[in-house]
Amino acid sequence: MKKSILISVFLVIATLLASCAGSTQSATNTPIKIGVLYNVTGSQASLDAPSYNGAMLAAKEINAAGGVLGRQIQIVFFDGKSDATVIGNAATQLVETDKVVAMMGFSDSDMTLAAAPIAAKAGIVFVTSGATSPKLPDQVPNYLFLACFGDNVQAAAGAEYAYNTLNYKTVYLLTDQGMEYTKLLSKYFKERYTELGGQAILEDSYQTGDKDFSAQITRLKGNSTQPDFLYIAAGPDDIGTIVKQFRDSGIDKAIMGGDGYDTPLLVQIPGKGATNVYFTTHSLMDPNLGTDPIKKFISAYTAEYGNPPENAFAALGYDTMKLIADAISRAKSTDSKAIRDALAATKDFPGITGKLTYLPGSGVPQKGVTIILVKDQKLTLGAEVVPEKIPAP
Amino acid sequence: MQTNEKKTLSSLVTGLILVAFFFGLLAFINLGTSSYIQRIVIGLCISIILVVSLNLSSGFTGVFSLGHIGFMAIGAYTAAILTLPLSLKLSYLPDLPAWLENTQLSFLPATIIGGVIAMLVALFIGISIMRLTGPYVSVATLGFMVIVNVVLTNWDSMTRGARTFSGVPPYTNLWWVGGWTVVTIYVIWRLARSSFGRQMMAIRDNYIAAQSLGINVLRMRLLAFCVSAFFTAVAGSLWAHFIQSFSPKAFLFDETFNIIIMLIVGGMGSISGSVIGVVGITILSEVLRNAERGVNLGFVQIPPVYGASQILMAVIFILLIIFRSEGIMGKRELDFSRIFSFLFRKTKRKEAASQ
């Protein structure tokens with residue numbers, strides 16, 4: 001009995017060692033390996049799985065068109081399982097065993113920071129497709145890039161649009177205190193909005209996962225002055241409930257927020273209440289109202305996976321893969337350092353989520369923001385804007 | 001009397017052999033393997049510390065705690081705040097009190113302070129919740145974990161709130177985790193074997209009977225809870241300096257269930273069982289994680305199925321609980337002196353045969 005246990009333990013260890021020993025070929029027409037890390041299981045799956053599909057679609061298109069530098073692109077993928085320890089292990093495998101030339105992935109700061117330092121240590125660049133904290137690149141200098149806009153950019157875009165275009169001069173600010181994303185978003189929004197001359201007449205907060213907002217609603221209704229509109233910094237899981245409860249209580253003022261609103265729940269949960277809601281996001285994923293590249297992307301994605309893109313994160317994953325491929329072709333080399341330098345010099349890259357440029361020394365791109373207006377339960381394109389002034393990260 | 005002394009000596013020798021073997025293994029891993037394997041071993045040792053210390057309160061004393069990850073969080077945050085380089089402190093945590101803003105400690109004192117703070121917290125909450133029994137104590141400790149999480153999320157000036165706490169120096173290496181693993185196992189093994197340990201087990205098995213024998217139930221439970229909180233916080237500090245960036249949401253239900261599963265699989269009330277549980281589950285989940293990416297068996301190519309590893313693990317746990325509900329080791333321990341003497345006798349016999 002004991003012996004058999006011992007043998008099976010050895011077998012398991014042997015399998016483990018065998019699975020780590022990768023092949024190390026280096027002929028010139030072998031595929032270019034790009035490491036892709038997403039959490040297709042666990043709490044991050046709703047954002048990461050579409051991103052991963054988008055990245056695979058992009059690689060497929062690139063390869064069909066002849067690849068990069070005459071070589072095919074090979075995605076080396078690991079599931080991060082929404083667990084920092086697993087992500088650290090997987091990133092180490094990508095560096096050591098698979099010897100990838102660049103890495104991409106994730107829609108969350110914690111997850112990105114679990115992988116990017118490991119890549120940076122090996123001189124490999126990491127591009128995050130969906131983590132929007134503008135503070136991220138400073139924490140892994142020179143080797144961490146955002147392919148999406150920073151939260152300071154989308155907050156500023158929202159503030160300018162509300163103040164200048166919609167002519168709203170006073171705001172009620174509700175912030176989820178449980179997430180880095182929402183806290184930063186509301187901080188940047190307030191900074192830009194008050195700078196423009198707007199006034200925050202009441203600020204309130206809640207915690208991620210709260211189900212009852214009657215206390216906040218009562219406080220708002222009891223306030224002596226009523227705001228022109230509401231800026232609610234919320235994540236995808238809560239926003240539907242929030243809009244529903246505010247609308248049900250008779251508040252019909254405009255509601256505005258960030259890309260956390262980019263979920264089907266925003267329209268599904270509030271039902272009829274889902275109107276007069278604005279939010280800033282990466283692109284409008286609509287087969288009729290989107291831009292031409294988005295329409296093309298939606299039909300290609302639908303043909304590949306049998307369903308239209310779940311959210312804008314699919315387009316971000318797609319753009320990120322193409323961005324890296326673009327950097328490799330401009331670098332004319334698969335040397336990690338050359339790829340990093342070429343990526344940092346990206347100018348006017350025509351992504352489907354907007355034109356992208358990295359200014360010298362910055363890992364946060366200059367990128368346009370799409371503002372969407374939800375009207376009578378339908379998403380419509382409000383505007384595409386580039387903010388005039390962006391709060392410092 | 002003589003036999004007793006002989007027994008102590010032989011267990012001392014066995015212990016020394018085991019420790020020497022363990023450090024030899026670490027030296028080999030340090031020099032001879034990739035940093036991927038090293039990362040797995042570091043994670044494994046941290047889990048061993050977590051599970052062995054959880055075993056002291058849940059397995060030996062019968063206080064089934066669902067809140068230990070709260071102590072891990074306390075250890076991680078305390079130590080990380082103390083070791084964060086001064087320049088980073090100024091930009092990441094500008095609102096710290098002045099005396100803390102200008103303090104930077106090395107790894108060992110920071111880890112110990114983290115442990116001591118967790119221990120004091122355990123003492124404070126333990127005085128009230130260690131009076132509870134059975135499922136009530138589990139629920140109360142679970143509540144404690146949630147409270148810790150809410151405090152960490154909202155104490156912006158100390159913890160950066162929900163934002164990622166990053167910039168923690170990468171102090172954790174094989175030697176630190178190896179050393180702490182040995183210390184943890186030694187202390188808890190000694191405690192479990194002492195008269196304290198006997199009293200704890202008596203409380204676990206029948207606390208009314210134990211009370212009638214004059215055992216101070218509250219004091220014993222508090223002792224187990226506090227010691228176990230100390231080492232859990234130590235593991236938290238090691239983890240923080242290993243992962244380097246984390247936020248309060250890392251210390252919630254996922255991690256709680258991870259260590260409880262390892263504890264149950266290994267056997268509640270057995271230290272060697274805890275180690276076996278952790279090693280088995282860690283290796284199995286790593287192998288499955290690599291296998292779920294698709295395997296080429298020569299004659300057939302299995303496509304990648306992400307999430308299959310979690311499903312397979314769950315099936316294995318269910319089977320294990322059905323067929324061996326007390327875990328791999330139950331309440332027994334591996335008796336190394338017997339294993340050694342068995343091996344020794346075998347070689348002796350072989351020598352005799354060859355002569």
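Predicted model: local features only at pLDDT ≥ 70, side-chain atom pairs only at ≥ 80, totals over all residues.
The contact between the two chains draws on 30 residues from chain A and 31 residues from chain B. On the side of chain A that touches chain B, four helices of chain A each supply at least two residues, namely helix 1 (2-20), helix 3 (84-96), helix 4 (109-121) and helix 7 (180-196). Helix 3 of chain A provides the largest share of this side, with eight residues. By residue class, the side of chain A that touches chain B comprises eleven nonpolar, 13 polar and six charged residues.

Chain A also contains an open sheet of seven strands, arranged in the order 7-6-8-9-10-14-15 and mixed in its pairing. From one strand to the next, the twist averages 25 degrees.

Within this order, strand 6 of chain A (residues 170-176) pairs with strand 8 of chain A (residues 229-233) in the parallel sense, over five bridges. A:Thr175 has A:Ala233, in strand 8 of chain A, as its bridge partner. Helix 8 of chain A (residues 214-222) packs on the sheet, where it touches strand 6 and strand 7 of chain A. The direction of helix 8 makes about 160 degrees with that of strand 7 of chain A.

Methods
Residues numbered from 1 in each chain as written. Chains lettered and ligands numbered in written order. Contact = placed C-beta atoms within 7 Å. Nonpolar A, V, L, I, M, F, W, Y, C, P; charged D, E, K, R; others polar. Pairing = 2+ DSSP bridges. Axes fitted to C-alpha atoms, helices over the stretch in contact; angles between N-to-C directions.
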